[in-house]
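Dear colleague,

Please find below the structure that I am handing over to you, followed by an account of what was found in it. I should be grateful if you would read the account with the coordinates open.

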Amino acid sequence: MAPAYDVIVLGLGGMGSAAAAHLAARGVRVLGLEKFGPVHNRGSSHGGSRITRQSYFEDPAYVPLLLRAYELYEQLERETGRDVATLCGGVMVGRPQSRTVSGSLRSAEQWGLPHEMLDAKELRRRYPTLTPADDEVALYEARAGLLRPETTVAAHLQLATRHGADLHFEEPVTRWEPYRDGVRVHTAENTYTAGQLVICPGAWAPQLLTDLNVPFTIERQIMYWFQPAGGTGPYVPERHPIYIWEDAAGVQIYGFPAIDGPDGGAKVAFFRKGTVCTPETIDRTVHDHEVRAMAEQLEPCVPTLPGTFIKAATCMYSTTPDEHFVIARHPAHAGAVTVACGFSGHGFKFVPVVGEILADLALDGTTHHPIELFDPGRVAIAPA
Ligand SMILES: Cc1cc2nc3c(=O)[nH]c(=O)nc-3n(C[C@H](O)[C@H](O)[C@H](O)COP(=O)(O)OP(=O)(O)OC[C@H]3O[C@@H](n4cnc5c(N)ncnc54)[C@H](O)[C@@H]3O)c2cc1C
């Protein structure tokens, strides 16, 4: 029998690496078990960049968590010396009544977040790459920007190891069960026991958390890199914001400044519009018609961006019916198991605060952070 741990963390992607770092920093014995290698590209935490912002159109309830996440991202940079975040500013663009604009404004006003409203003319003046229609407006937020997902995961793994966690890669968990006052976790190589289990399974939630009874949808999403016509000059982060842009039909795209040098292009994607998949069946090839659809969507709003297509990559969203997260003690195993999943395509900006919450829940059974919105009971369906 392998040594006993205080806490086992299943999955060392975005959330699990943060949980392992926060738990280990609190001085408990942590084992992290990951199916793939450190910082891989087969889950949801790769692709070079993620948007972060505070005027959160999804729900104002996320704002206090974002404020804490910003502090913790700064702390992560200080503690590891890594360049994780670039706050280049961000614009949420659309018609005034669109969810992207009106929802962002609601959060900004409710929480007193610094922001500016720009009309189409002012948006074009500040950012000549962006060509809004006359009836479109933008909420500008100086504190929005981008995060580097691979660097974030590497930084949390580094901190977890520094604080004494054992991290095992290429060691998938095959099953787990309650054992005495805690859990027993099996892999092909070994069986481990622990007082607490924290499950951060990403797109593997449907198979690892069947008894949560949450109907997750796993979606294939595509990230595209284009070399702008005329070069990346106007797209560098010193001059270009991140953007989320909602069209009249409610379709959202989002994009980043050029962070990969003069020939690396700039990244852009559809926010939702994914196709249903599983981690086993996902089509990793990006097809010509998909690249064309992205370029056509950009044409009216960022017309110079789709100059030359450079590359594309796939990634998975794990979506809940209401697109809010699931973070809770597992209702069927409340004494020993904590879950964090269903991040619905918008979880990365919360990674360090989710790590802190998971450490609270695993060690104290409760957290002072507001996580009522993330109770799985709200979307659980009765088992068949
Ligand atoms: C294209 C794309 C764009 C996005 N853009 C943004 C954005 O701009 N802003 C934002 O905030 N969020 C964004 N997100 C969402 C964000 O990236 C995710 O919410 C976040 O990365 C999810 O982290 P996770 O830890 O849940 O999943 P993952 O990072 O995938 O981690 C899950 C881990 O569990 C491991 N695992 C699974 N099964 C087992 C097993 N049996 N045993 C051991 N290990 C196992 C997996 O290998 C994986 O490493 C985006 C996501 C995608 C795909």
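Helix α3 covers residues 99-111, and at 1.5 Å a residue its 13 residues should span 18 Å; the end C-alpha atoms lie 17 Å apart, which agrees. Please note that this is a predicted model.

The buried residues of α3 are Thr 100, Val 101, Gly 103, Ser 104, Ser 107 and Ala 108. Among the elements that cover them are α2 (63-80) and the strands β5 (90-94), β6 (116-119), β7 (137-141), β14 (242-246) and β15 (252-255). After α3 comes Gly 112, which has a positive phi, near 60°.

**Nonpolar cores**

The largest nonpolar core comprises 64 residues, and Val 9, Leu 23, Val 198, Ile 327 and Phe 350 have the most contacts inside it. Two or more residues are contributed by each of β1 (5-10), α1 (14-25), α2, β8 (145-147), α5 (149-162), β14 and α8. The greatest contribution is that of α8, which supplies eight residues.

With neighbours within four places in sequence left aside, Val 9 is in contact with Gly 16, Ala 19, Ala 20, Leu 23, Val 30, Leu 31, Gly 32, Leu 33 and Val 198. Another core, of 31 residues, lies apart from the largest one; Ile 8, Val 183, Leu 209 and Met 316 are among its members.

**Aromatic rings**

There are 14 aromatic pairs in the structure. In one of these, the ring centres of Tyr 224 and Phe 226 are 6.4 Å apart and the planes meet at 15°, so the pair counts as stacked. Tyr 224 and Phe 226 are both buried.

For Phe 325 and Phe 343, the ring centres are 4.7 Å apart and the planes are at 50°, so this pair is tilted. Phe 325 belongs to the loop between β18 (308-319) and β19 (326-329), and Phe 343 to the loop between β20 (337-341) and α8 (351-364); the pair therefore ties together parts that are 18 residues apart in sequence. Phe 325 and Phe 343 are buried as well.

Arg 29 lies over the face of Tyr 5, at 4.9 Å from the ring centre. The charged end of Arg 126 is placed over the ring of Tyr 140, at 5.6 Å from its centre.

**Cys 315**

An unreviewed UniProt entry annotates Cys 315 as "modified residue: S-8alpha-FAD cysteine". Cys 315 is part of strand β18. Its relative accessibility is 5%, and because buried means under 20%, Cys 315 counts as buried. Apart from neighbours within four places in sequence, Cys 315 is in contact with Gly 43, Ser 44, His 46, Arg 50, Glu 219, Arg 220, Gln 221, Met 223, Ile 282 and Arg 284.

**Gly 230**

Is Gly 230 buried or exposed? With a relative accessible area of 83%, Gly 230 is exposed. Gly 230 is located in the loop between β13 (217-227) and β14. The C-alpha atom of Gly 230 is separated by 9.1 Å from that of Leu 305, although the two residues are 75 residues apart along the chain.

Yours sincerely

How values were computed. Residues are numbered from 1 along each chain as its sequence is written. This is a predicted model: local features need pLDDT of at least 70, side-chain atom pairs count only at pLDDT 80 or more; totals for chains, interfaces and linings use all residues. Side-chain values use heavy atoms; hydrogens and water are left out. Helices (H or I, at least four residues) and strands (E, at least two) are DSSP runs, numbered from the N terminus. The expected span of a helix is 1.5 Å times one less than its number of residues. Buried means under 20% relative accessible area, exposed over 50%, partly exposed in between (1.4 Å probe, protein chains only). Contact means heavy atoms within 4.5 Å. Rings of Phe, Tyr and Trp (its six-membered ring) pair if their centres lie within 6.5 Å; planes under 30 degrees apart count as stacked, over 60 as edge-to-face and the rest as tilted. A charge sits over a ring if NZ of Lys or CZ of Arg is within 6 Å of the ring centre and within 35 degrees of the ring normal. A nonpolar core is a set of buried Ala, Val, Leu, Ile, Met, Phe, Trp, Tyr and Cys residues joined through side-chain atoms within 4.5 Å. UniProt positions are given in the numbering used here, feature names are shortened, and annotations may be inferred rather than shown by experiment.
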